[in-house]
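Subject: Structure handover

Hello,

Here is the structure you asked for. My notes on what was found in it follow below.

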Amino acid sequence: MKNCEYQQIDPQALPTPTPTPPPHHGKDTEKKKEPRRPRRKWEVFPGKNRFYCDGRIIVARQSGVLPLTLGLILVTSGLFFIFDCPFLVKHLTSCIPVIGGVLFVFVLITLLQTSFTDPGILPRATPDEAADIEKQIDNTGNTSYRPPPRTKEVLINQQVVKLKYCFTCKMFRPPRTSHCSLCDNCVERFDHHCPWVGNCVGKRNYRFFYTFIVSLSFLTAFIFGCVTTHLALRAQGGKGLVFALQESPGRYPLVICFFSVWSILGLSGFHTYLVASNLTTNEDIKGSWSGKSGEDVTNPYSQKNIFINCCSVLCAPMPPSLIDRRGFLPTDESAQTGSADIELPTLAAKSEINVVGSPFALQKSPSPVETSLPAVVPTQHLSAACC
């Protein structure tokens, strides 16, 4: 028997098999393999709002005359700084442009804060929560001869307050909450929808709105007084006021300020009264606590002290935003909405996937103090709040 000789084979010397390409099924297969981009909740927000900077900025879809407001402020202030300030600095003092500049910057900052801040939008009920509240409503009424009740009564500072049911948000509105028809949202401590700032005015941006109109009143009155002084100094040369008006471009901001200062001062005075009384424009117009309906009612939110009312409205801690607009959708819901481009807002987007709280904790009667929203929405959901 012959001896067998064995020789080790070098693996690199073997021919490398060519891999067989997988069958090509067209572009659909390639699209399925691509990972879907995670969608944020603001992309399917059910309200009529616009979002910018990846959801960081929220404004009303109907911006109103916000561009006109900005234009009037910029044009009037620009004409004042260009044509009136040099003359006044030369003949009076150099403090005039400094004061005007501080007021101008403050007005712009508060205007943008009012326009781009969440006014206090309440999240809508989820389908399960809506079904639960509908079941509770049906159980409380005799449907054989009348529809079930759509109001609830709570006690706040020994004052009975009725909570109305919102058919859009599918929940009982917390106290002082109203549904804005333009933005299609329930806003806590709803004051009014202001077209001049292009947003609702509510609990989270009312302080910015108030400081905006007050600072705008000071700026308008300051420019009006400075332009009048400028024209009076030019008219002292014996040429008369008519010649001074024709010669100086300062007549343009004078005209704008003359027609706007009265309305702005009146608006500032009205809101100062509301702040001192702890009222909202909506409550004042409806006469909720004025006894117009013949009932003996008082404002349960007033502290009976002007200073305390002003501090509670303007100096209270900023409440968190209750809509997690920058949060990510769950994977399954993101896949369902990822196949179609959703325009803000759409009817299909009204699945309450962006809700970050349950508005049904109001089933229990609140304590005899003003009901605050953290009592309505569970506190474990407030970690997602940001503005």
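Start with the open sheet: three strands form it, in the order 3-4-5, with antiparallel pairing. Its edge strands are strand 3 (151–156) and strand 5 (171–172), each of which pairs on one side only. Strands here are DSSP runs of E with at least two residues, helices are DSSP runs of H or I with at least four residues, and both are numbered from the N terminus. Two strands pair if DSSP finds at least two bridges between them.

Some ground rules. This is a predicted model, in which local features need pLDDT of at least 70 and side-chain atom pairs count only at pLDDT 80 or more, while totals for chains, interfaces and linings use all residues. Residues are numbered from 1 along each chain as its sequence is written, and side-chain values use heavy atoms, with hydrogens and water left out.

**More on the sheet**

Strand 3 and strand 4 (residues 159–166) run antiparallel and are joined by six bridges. Isoleucine 156 has glutamine 159 in strand 4 as its bridge partner.

Leucine 155 also sits in strand 3. It counts as partly exposed, at 37% relative accessibility. The cut-offs: buried means under 20% relative accessible area, exposed means over 50%, and partly exposed is in between (1.4 Å probe, protein chains only). Leucine 155 and proline 300 are 145 residues apart in sequence, yet their C-alpha atoms are 9.4 Å apart in space.

Lysine 170 is in the loop between strand 4 and strand 5. Its phi is positive, about 60°, although lysine 170 is not a glycine. With 34% relative accessibility, lysine 170 is partly exposed.

**The hairpin**

Strand 1 (residues 49–52) and strand 2 (residues 57–60) pair in the antiparallel sense over four bridges. Together they form a hairpin, with four residues between them. Cysteine 53, in the turn, has a positive phi of about 55°. Two pairs to look at: asparagine 49 stands opposite alanine 60 in strand 2, and tyrosine 52 has isoleucine 57 as its bridge partner there.

Side chains alternate along strand 1. Asn49 and Phe51 point to one face and are buried.

**Annotated spans**

An unreviewed UniProt entry annotates residues 65–83, 89–112, 208–232 and 252–276 as "transmembrane region". UniProt positions are given in the numbering used here, feature names are shortened, and annotations may be inferred rather than shown by experiment. What does the model have there? Residues 65–83 are 95% helix and 0% strand, with the end C-alpha atoms 27 Å apart. Residues 89–112 are 88% helix and 0% strand, with the end C-alpha atoms 30 Å apart.

**Histidine 179 and aspartate 184**

Histidine 179 is in strand 6 (residues 178–180). Its relative accessible area is 18%, so histidine 179 is buried. Its side chain makes a polar contact with the side chain of aspartate 184, at 3.0 Å. A polar contact is a pair of N or O atoms within 3.5 Å; within protein, one must be able to donate a hydrogen and the other to accept it, and residues adjacent in sequence count only if both atoms are side-chain atoms.

Aspartate 184 lies in the loop between strand 6 and strand 7 (185–187). Aspartate 184 is buried too, because its relative accessible area is 10%. Its phi is positive, near 60°, and the residue is not a glycine.

**Lysine 203 and arginine 204**

Lysine 203 is in the loop between strand 9 (199–201) and helix 5 (206–235). Arginine 204 lies in the loop between strand 9 and helix 5 as well. Buried or partly exposed? Lysine 203 is partly exposed, with a relative accessible area of 25%. Arginine 204 is buried, with a relative accessible area of 5%.

A polar atom of the arginine 204 side chain lies 3.0 Å from the backbone oxygen of aspartate 118. The C-alpha atoms of lysine 203 and methionine 318 are separated by 8.7 Å, with the two residues 115 apart along the chain.

Best regards
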